[in-house]
Amino acid sequence: MDLYGLKLFEALEKLDNKEISAEELTSSCLKRIREVDPSVRALVSVCTEMALERARMIDDKRAKGEPLGRLRGIPGIIKDCISTKDVLSTASSKMLYNYVPVFDAHVVENLERDDYVLIAKANMDEFAMGSSTENSAFHPTNNPWNLNTVPGGSSGGSAACVAADEAIFALGSDTGGSIRQPAAFCGVVGVKPTYGTVSRYGLMSFASSLDQIGPITKDVRDAALLMNIISGTDERDSTSARMDYPDYLDGIENDIKGKKIGIPKEYLAQEMDNDIRSSYDKCISLLESAGAQLVEISLPTFDYALSAYYIISSAEVASNLARYDGIRYGFRARKYEDLSQMYKNTRSEGFGDEVKRRVILGNYVLSSGYYDAYYLKALKVRTLIKNDFKKHFDSIDAIISPVTPTTAFEHGSKATPLDMYVSDLFTVPVNIAGLTAMSIPAGISGKGMPIGVQIIADAFKENKMFNIAYNLEGMLGFNQKPAIKESPND
Amino acid sequence: MKVTVDDVKKMAALSMLNIDESKLEEFRKNLEAILEHVMKLNELDTEGIEPTTYILDQKNIFREDIPEENKFDKESLLKNAPKREGDSFIVPRVIE
């Protein structure tokens, strides 16, 4: 088997046994990128030389018997809204087309300390706004399973590159589903940690009360290991949870006899593809066969999460994107006559339409006369949604739901922004309610496209979520890989 | 909630954005549709409900006011500047 096809723990074993070297593993992924990325287009930049140098350095450390980190030579790809020192970080926006950070994000520092190898930066929807990666200022990404379809978004590049074996793992970010939805569309595992678990220092902000960085991997255990590495209190992020962090691998293999898992009835009342519904039903049966107790629960406010989300996240992003002014870094317009024009021209040329739309919407809902009716109302609804979920977690361990109402759709098939927004229906409530959730591959549709299933747990209860996901993954036995065509018309 | 082209222009100006004349109607339509959709929230009674501005329980995260060593040199902080001169960022005249 080509080395690039390995999962994380498999690769670690081979590295430790000296069956393979870090350089060989990195080279294999780089070769894979050269082979398939012209078709998949998951990446913004590739760090070939830097990666090989780093891999060699790790092999050197190993040869000398020096201590090595938990990743010791594993190649990873990082979403382009996460700052990597001396490596172009663009958030897939023209606004940052030439931005090279002078610092590493907290998560990158942690990965470095544990000896990962950065091989590339992943494409995304511009500034994380979107569900298809079609909003990238550079180019769209193609779903490896069918190049005519989208990989999802906004972490479309991160999910696609793992599905295509361009790296052993990737990092994405999730504000309303941006890790879980692409993970489902691409047939890989994606985790949105509880807000506060992973430091946002070095993550280009979209919505400050919702954003979280998370791992995208080939299986559940890989994701849990990465959670151990990227999580933790960071003094530089005042929203980073000050608490003791668990070992996310702890108890992951325990059986799930007696675990209470909620079936959210309002979720199931929504329209979704038949394949997705049957895949979900199959998951329910498997969980029951493993001794879990499936109970129907009601989340009457779940349907309002989408509206609350688009108000809150737009308001927050309007504020967060005010910093892009063409002065200290990034793009600046060539023509302007005064400061105000410089700001307007820079931002209008530097931002794409979806970004502009949300910034305008955000300022609208925050403006006097509308603040109470929209923003304040949305914040109150957020409380209701949070309470609705919390109520159940007193008596259940997790909730299981579909991730998306459809499988990956074709490029250009969403006629309006609103059409795109409503596909986030199942994922958004998790961010709004401050919970944790993950998507694992559950099956393949009649048309050969991956279907995901979502496991939701209460805030800071990732271990419960990983345990159930690990068991379900074992029973599902999903091991398909996409057969990547050379071009969409093959 | 009706949105006019004028509303879009006003909000764009507040956001320090220009919207192309040719795109104004499209923006207006999309914004109106989104605002219509989110009106759904009015179906919920939020009387007496506290707004959630922040999802975690922790608050008032402070640190000691102790000066730390600056990890970054001036040059690296200025190197991304679109327009610079010496140690300064160059901007259009601010005061007439």
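Is I95(B) buried or exposed? I95(B) counts as exposed, because its relative accessibility is 67%, and the legends below, which begin with this residue, explain the cut-offs as they come up.

This is a predicted model, in which local features need pLDDT of at least 70 and side-chain atom pairs count only at pLDDT 80 or more, while totals for chains, interfaces and linings use all residues. Residues are numbered from 1 along each chain as its sequence is written, chains are lettered from A and ligands numbered from 1 in the order in which they are written, and side-chain values use heavy atoms, with hydrogens and water left out.

View 1. I95(B) sits in the segment after β2 (88–89) of chain B; helices (H or I, at least four residues) and strands (E, at least two) are DSSP runs, numbered from the N terminus. Buried means under 20% relative accessible area, exposed over 50%, and partly exposed in between (1.4 Å probe, protein chains only). From I95(B) to F27(B) is 68 residues in sequence and 34 Å in space, C-alpha to C-alpha. Chain B has a mean pLDDT of 93, with 100% of its residues at 70 or more; pLDDT is the predictor's confidence in each residue, from 0 to 100. For the complex, the predictor gives an ipTM of 0.95 and a pTM of 0.97.

**View 2. The largest pocket, with residues of chains A and B in its lining.** Its volume is about 550 Å³. On a 1 Å grid over the protein atoms alone, a pocket is an open set of points with protein on both sides within 12 Å along at least five of seven lines, whereas a cavity is a set of points where a 1.4 Å probe fits but cannot get out; lining residues have an atom within 4 Å of a point. Grid points are joined across faces, edges and corners, and a volume is the space filled by probe spheres set on the points. The pocket is lined by 21 residues, and Y201(A), R236(A), E68(B), K71(B) and F72(B) are the closest to its centre. By class, the lining of this pocket has 13 charged, six nonpolar and two polar residues. Here Ala, Val, Leu, Ile, Met, Phe, Trp, Tyr, Cys and Pro count as nonpolar, Asp, Glu, Lys and Arg as charged, and the others, Gly among them, as polar.

**View 3. Aromatic pairs in chain A.** The whole structure has 21 aromatic pairs over all chains. Rings of Phe, Tyr and Trp (its six-membered ring) pair if their centres lie within 6.5 Å; planes under 30 degrees apart count as stacked, over 60 as edge-to-face and the rest as tilted. Y97(A) and F331(A) are edge-to-face, because their ring planes stand at 70°, with centres 6.3 Å apart. Y97(A) is in the loop between β2 (75–79) and α4 (106–113) of chain A and F331(A) in the loop between α10 and α11 (339–350), so the pair ties together parts 234 residues apart in sequence. Y97(A) is partly exposed at 44% relative accessibility, while F331(A) is buried at 10%. F127(A) and F351(A) also form an edge-to-face pair, with centres 5.9 Å apart and planes at 80°. Both F127(A) and F351(A) are buried. Ring pairs join F127(A) and F351(A) with Y99(A), Y324(A) and Y329(A) in a cluster.

**View 4. Backbone details in chain A.** The peptide bond from G153(A) to S154(A) is cis, with omega near 5°, and S154(A) is in the loop between β3 and α5. T133(A) is in the loop between β3 and α5 too; though not a glycine, T133(A) has a positive phi of about 65°, and T133(A) is buried at 0% relative accessibility. R41(A), also not a glycine, has a positive phi of about 55° and is partly exposed at 34%.
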